[in-house]
Amino acid sequence: MKNEKVRNLSIEVLSDNWYTLNKVHYEYLTKKGEWQPQQREAYDRGNGATILLYNKQSKNVILTKQFRAPTYINGNETGMLIETCAGLLDKDNPEDCIKKETQEETGYKISDVTKVFESYMSPGSVTEIIHFFIAEYEENMKTTDGGGLEHEQEEIDVLELTIDKALDMIKSGEIKDGKTIMLLQHIRLEGIL
């Protein structure tokens with residue numbers, strides 16, 4: 001899996017605070033046949049998983065809403081973002097991670113999930129791969145109010161919306177999260193809801 005067009009790769013840690021910011025140095029073989037020195041910064045926060053819960057009978061989906069500081073400093077007036085349930089893998093496999101995150105964030109205990117794809121969300125600067133899942137939910141699966149974990153400083157609101165309302169919120173700009181848009185469109189394009 002080695003790329004023959006890359007050589008002399010070295011990584012310098014710039015920050016290892018919340019996550020790791022690396023400066024990557026390498027030489028890249030151009031189409032002209034010249035080795036060109038290049039450098040990039042890459043943010044490594046680990047890989048993650050996300051899920052869209054849906055109910056075929058009610059045609060509803062479960063989303064979350066929480067404060068996201070990076071959106072706040074980039075023009076989101078309130079910093080609140082509507083998104084699918086998600087979390088970092090840490091040391092879990094993607095399926096175990098998303099089941100745990102689903103219960104913590106939404107209060108629904110699910111056992112059957114379907115992986116639909118993987119995606120790099122911002123490959124120009126972030127190393128993260130996100131594993132995308134969907135799962136059907138029913139009201140009797142709700143075991144708690146959800147809301148996240150206090151020790152992780154999470155204050156998450158759980159939203160139950162019709163699929164049509166959620167898709168309209170993409171058009172209106174109320175939903176701007178990439179992973180959420182991808183999963184909402186996936187279940188519509190696949191005819192699931």
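**The largest pocket and its lining**

Guide: Strands β4 (48-55), β5 (60-67), β6 (80-83) and β7 (85-88), together with helices α1 (69-72), α2 (94-106) and α4, each give at least two residues to the lining of the largest pocket (helices are DSSP runs of H or I, at least four residues, and strands runs of E, at least two, numbered from the N terminus). The model is predicted, with local features needing pLDDT of at least 70 and side-chain atom pairs pLDDT 80 or more, while totals for chains, interfaces and linings use all residues. Residues are numbered from 1 along each chain as its sequence is written, and side-chain values use heavy atoms, without hydrogens and water.

The volume of the largest pocket is about 1,900 Å³ (a pocket is an open set of points on a 1 Å grid where a 1.4 Å probe fits, with protein on both sides within 12 Å along at least five of seven lines, and lining residues have an atom within 4 Å of a point; volume is the space filled by probe spheres set on the points). Its lining comprises 48 residues, and R45, F67, R68, P70 and E83 are the closest to the centre. By class, 18 of the lining residues are charged, 16 nonpolar and 14 polar (Asp, Glu, Lys and Arg are charged; Ala, Val, Leu, Ile, Met, Phe, Trp, Tyr, Cys and Pro nonpolar; the others polar).

The second largest pocket has a volume of about 450 Å³. Among its 13 lining residues, V24, A42, P123, G124 and T127 lie nearest the centre. Strands β2 (20-29) and β3 (35-44) are the elements that contribute two or more residues to this second lining, which divides into 7 nonpolar, 4 polar and 2 charged residues.
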